[in-house]
Amino acid sequence: MNLDLWEDAKIDKFVESLLVRGYSNYNIPEEIPKKIVSSLQKSKSIKDAAKDFYSIPEIKNENSSFWKGRKKYSSGKARYHEEMKFIGNLNDKKVLEIGCGSGNLAYLISKKYKIKKYIATDLSPPGKEIDNVEFLKQGNKTEIPVEDSSVDSILIMDMLHHVNKNQQRYLIKNAKNKLNENGKIVFFEYTFSEEKEPLYRSYFTEKFNELSKKQKFGCMEIIDYIGNILVNKSETPMPNSYRTMEEWEDFFKKLELKINNSEYIGFPKRLFHQGPYGIINLSL
Ligand SMILES: C[S@@+](CC[C@H](N)C(=O)[O-])C[C@H]1O[C@@H](n2cnc3c(N)ncnc32)[C@H](O)[C@@H]1O
């Protein structure tokens, strides 16, 4: 992460108010996100940032309201239930989820639908078993260990910004080969539109719109860094290869995928994600 971003007061203010609101849903008092933002502003280097973060008393204390609230947030209830609304009926489908993380979406989908088969891949193992879900560890960042032309639906959620821009192309080309003739891809990403109206006209969508494109990507980078690297201590790559919705649409068109629907969700009123979101439905 680029610590220079903190020199922009508009970015700091936006990130702080978003964290205050997001965490308040999990009963985390507002002084904690305020302390997190101020700690990062003072960090001299990226190496110091984690040390400074874990020196905040409420972060150091494993039993604090911060960690209790985070546990509730990570169980993903609000977030994934909301996202499920945008995924069509998956009964009798063979589903492939790429970059499944800890398997929260796989769990909910396999409970809700009578899936024919659910294969979930990631670079690292999921750490838990789920009935009717087959987890496969990818051998590398772009290849998917699944037979070609064999799946009905591919789900990619909150993952592609963790892949560098060149590898994104190879990964999606390979994913496309896994689809059968009528197959579909549902793509969720942490993104914003420069043209579309957001589905949810929330306070945060309005405030975010007042920022420049560079500031918007800066906010996304910081929020993602705090969540993935500082809080979750994840080793997921962070190449910051964010794109706007229009840039994603161009990216998919160049790979000869058809865009059936592209929706800018924005910042939902009932928070399910700490950032602006979009969804694109694709087919061959
Ligand atoms: C922010 S997490 C999202 C996890 C899950 N999709 C979700 O929404 O809960 C990003 C995930 O993408 C995975 N990932 C990163 N690069 C990947 C790649 N090239 N191929 C597959 N998974 C990848 C990471 O290991 C991590 O589990």
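Analyst: The account below begins with the helices and then turns to the sheet.

This is a predicted model, in which local features need pLDDT of at least 70, side-chain atom pairs count only at pLDDT 80 or more, and totals for chains, interfaces and linings use all residues. Residues are numbered from 1 along each chain as its sequence is written.

On the α1 side the contact is made by Asp12, Val15, Glu16, Leu19, Val20 and Tyr23, and on the α2 side by Ile32, Pro33, Lys34, Ile36, Val37 and Gln41 (C-beta atoms, placed from the backbone, within 7 Å). By class, this contact of α1 with α2 has 8 nonpolar, 1 polar and 3 charged residues (Ala, Val, Leu, Ile, Met, Phe, Trp, Tyr, Cys and Pro count as nonpolar, Asp, Glu, Lys and Arg as charged, and the others, Gly among them, as polar).

α2 in turn packs with helix α3 (residues 46-53) at an angle of about 150°, the two axes being 9 Å apart, and their crossing is right-handed. Ile36, Ser39, Leu40 and Lys42 of α2 meet Ala49, Asp52 and Phe53 of α3, a set of residues that divides into 4 nonpolar, 1 polar and 2 charged.

α1 also packs with helix α10 (residues 213-231), here at an angle of about 45° and with the axes 10 Å apart. These two helices are therefore oblique to each other, and α1 passes α10 in a right-handed crossing. The residues in contact are Lys10, Ile11, Phe14, Val15 and Leu18 of α1 together with Gln215, Gly218, Cys219, Ile222 and Ile223 of α10; by class there are 7 nonpolar, 2 polar and 1 charged.

Turning to the sheet, 7 strands form an open sheet in the order β3-β2-β1-β4-β5-β7-β6, with mixed pairing (two strands pair if DSSP finds at least two bridges between them). β3 (133-137) and β6 (258-266) stand at the edges with a single partner strand each, so one side of each is left without a neighbour in the sheet. Neighbouring strands are turned by 15° against each other on average, direction ignored. Within this sheet, β4 (residues 151-157) and β5 (residues 179-190) run parallel and are joined by 6 bridges, and Ile154 has Ile185 in β5 as its bridge partner. Helix α7 (residues 104-112) packs on the sheet, where α7 touches β1 (94-98), β2 (117-122), β3 and β4 and makes about 175° with the direction of β2. Helix α11 (residues 245-254) lies across β5, β6 and β7 (277-283), and α11 runs at about 165° to β6.

Technical notes. Axes are lines fitted to C-alpha atoms, for helices over the stretch in contact, and angles run from 0 to 180 degrees between N-to-C directions. Helices (H or I, at least four residues) and strands (E, at least two) are DSSP runs, numbered from the N terminus. Angles under 35 degrees count as roughly parallel, over 145 as roughly antiparallel, 65 to 115 as roughly perpendicular and the rest as oblique. A crossing is left-handed if the near helix is turned anticlockwise from the far one by less than a right angle, and right-handed if clockwise. Two residues are in contact if their C-beta atoms, placed from the backbone, lie within 7 Å.
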